[in-house]
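This report describes selected local features of one protein chain. The sequence and the structure are shown first, and the description follows.

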Amino acid sequence: MHLKQTDTPLLAAMRHYVEDGAIPFHTPGHKMGKGMHPRLRQFVNSEALALDLALMAELDDLHEPHGCIKAAQDLAAELYGADHSFFVVNGTTGGIYAMILTIAGPKEKIIVPRNAHRSIIGGIILSGATPVFMQPEVDYELGLAMGVTPETVEKAVEQHPDAKGVLIINPTYYGVATDLKRIVDIVHAHNMAVIVDEAHGPHLKFSDRLPLQALDAGADICAQSTHKILGAMTQCSMVHCREGRVNVPRLKAMLQLVQSTSPNYILMASLDVARMQMATEGRQLIERAIDLAEWVRAEINKIPGLYCFGAEKVGNPGVYAFDPTKVTVTVKGLGLKGAEAERILRHKYKVQVELSDMYNILFLITLGDSEREAQALVDALRDLAENHVGKRDFTAVEDVYSTTTYPEPPVQALSPRRALFGNTRMVPFREAAGRICAEIVTFYPPGIPLLCPGEIISEDIIQYCLRLQEAGLHISGPEDYTLSTIKVVE
């Protein structure tokens, strides 16, 4: 029987099992909610708890699907234009782990942006691969890392022709996309695979006003956070791939390796339904979200002291296209740090941001928002600007980047895996030159690691870090967040 995009085969199978009235002598132990304490049961209705089911013949097996789960995944592949799509229920982190493990093994090279999410570094550590880092472009006005340029990618693949693949973050958390089609062509010309962390792009397929999605740009494999932007529940993601440069049986094996043998069926059903929603209403819902976001952006840019970047940044280095549903508000014009603005918005205005950094706060406009929420956001920001103008001078932060030479990239002496699992000890940071770093050291802005596990700490990097620290930048990653000491390999 040929399924249509209006069908939800996994959810249908789950409902059929519940309605059939079988007495459950299987996991989970709460037995369709009957054994759950009322304190939680009052918030989770009996119909939902009845769908919290376990692996059994008629409900298929996520790790060896041949029935309703396979049908649901096949519909996702059809919608997104993949040869194969896979449900992931431990977030895009799990998908990224599986992609990296599929492409690169111990001591094999993989080319990645320097501002890689910790899940990418985690996947490299698990695989035992050796990272080759590319420097992304930086917008110092915003304090944000942008995309890597095709020229940067071309230089990396020419210098490392033995690399197994190139991983691209596209779009960034802030909605910035690089020229992915050109990058794919460059990488494929060197017979390497293109892996895309598309966590923030599960909606790109559904509007011509958004950047090109990874599969349509010719990427070999990508991971999308269906829960971040679309209607699936938290932890729900998908991995899509094309045959050819991706060993599909190996990918399936790696997904088995990183995912639970007891996947939550409600989470999987939410992926099935989110796919159906996008197939039937996706263009309408995403276009509406874009319109709403553009209205919010225009209103924010009328508020003195605030700036919300948009399409005017397109054409700058590392900015080939832009997703307007990511609304980044720069608050340094108010003399506020992003974290301060986040705290005020949350407690005074009951508005919660997605994230904050040194200069900015980020809001996501999705298919779940309406004009009411958009107006509340604009009103809160307008009142914030009128009542919380500070006197902070950010020139020290900006001057340190304009007057200080960026240090030479550190030399990779060990793989991140060997550095992480080797014998380590803490040493004074000022005396660490020549030692092998065993942790990540990142400064915000712009959030690009200056040191990663396995890299040799140079005197230039020490001095650069000290100058950034004196300028008041936020340190992330090291065990000692004051950077008085640093963890090194014995």
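Two strands are taken to pair if DSSP finds at least two bridges between them. The model described here is predicted.

## Strand E13 and its partners

Strand E11 (residues 307-308) pairs with E13 in the antiparallel sense, over two bridges. Within this pairing, Cys 308 is placed opposite Val 329 in E13. Strand E15 (residues 360-364) also runs antiparallel to E13, and five bridges join the two. Here Thr 328 has Leu 362 in E15 opposite to it.

Strand E13 covers residues 326-330, and five of its five residues are buried, so the rest of the structure largely encloses it. In a regular strand, side chains alternate between the two faces of the sheet. In E13, Lys 326, Thr 328 and Thr 330 point one way, whereas Val 327 and Val 329 point the other way, and all are buried.

## Helix H6, an enclosed helix

Helix H6 spans residues 118-127, and eight of its 10 residues are buried, so this helix is largely enclosed by the rest of the structure. The buried residues are Ser 119, Ile 120, Ile 121, Gly 122, Gly 123, Ile 124, Ile 125 and Ser 127.

The cover over these buried residues includes helix H5 (91-103) and helix H15 (416-421), together with E2, E3, E6 and strand E8 (193-197). After H6 comes Gly 128, which has a positive phi, near 80 degrees.

## Helix H7, a helix with one buried face

In helix H7 (residues 150-159), Pro 150, Val 153, Ala 156 and Val 157 are buried. Viewed down the axis of H7, the buried residues fall within an arc of 125 degrees, so they line one face of the helix. Lys 155, Glu 158 and Gln 159 are exposed on the other side of H7.

Among the elements that cover the buried residues of H7 are strand E2 (109-113), strand E3 (130-134), strand E6 (165-169) and helix H8 (180-189). Strands E2, E3 and E6 also belong to the cover of the buried residues of H6.

## The crossing of H4 and H11

Helix H4 (residues 68-80) and helix H11 (residues 265-300) have axes that come within 10 Å and cross at roughly 35 degrees. The crossing of H4 past H11 is left-handed.

From H4, the residues Ile 69, Ala 72, Leu 75, Ala 76 and Leu 79 take part, meeting Tyr 265, Met 268, Asp 272, Arg 275, Met 278 and Ala 279 in H11. By class, the residues of this contact divide into nine nonpolar, no polar and two charged.

Thr 8 is located in the segment before helix H1 (9-20). With a relative accessible area of 17%, Thr 8 is buried, because that value lies under the cut-off of 20%. Apart from neighbours within four places in sequence, Thr 8 is in contact with Asp 272, Val 273, Arg 275 and Met 276. Asp 272 and Arg 275 are also among the H11 residues that meet H4.

Leu 212 lies in the loop between E8 and strand E9 (221-224). Its relative accessibility is 44%, so Leu 212 counts as partly exposed. Neighbours within four places in sequence aside, Leu 212 is in contact with Asn 170, Glu 198, Leu 204 and Ala 217. Leu 212 and Asp 74 are 138 residues apart in sequence, and their C-alpha atoms are 22 Å apart in space.

Key: Residues numbered from 1 in each chain as written. Predicted model: local features only at pLDDT ≥ 70, side-chain atom pairs only at ≥ 80, totals over all residues. Heavy atoms only, no water. Helix = DSSP H or I, 4+ residues; strand = E, 2+ residues; numbered from the N terminus. Buried < 20%, exposed > 50% of the residue type's maximum accessible area, 1.4 Å probe, protein only. Contact = heavy atoms within 4.5 Å. Arc of directions from axis to C-beta. Axes fitted to C-alpha atoms, helices over the stretch in contact; angles between N-to-C directions. Left-handed = near helix turned anticlockwise from the far one by under 90°. Nonpolar A, V, L, I, M, F, W, Y, C, P; charged D, E, K, R; others polar.
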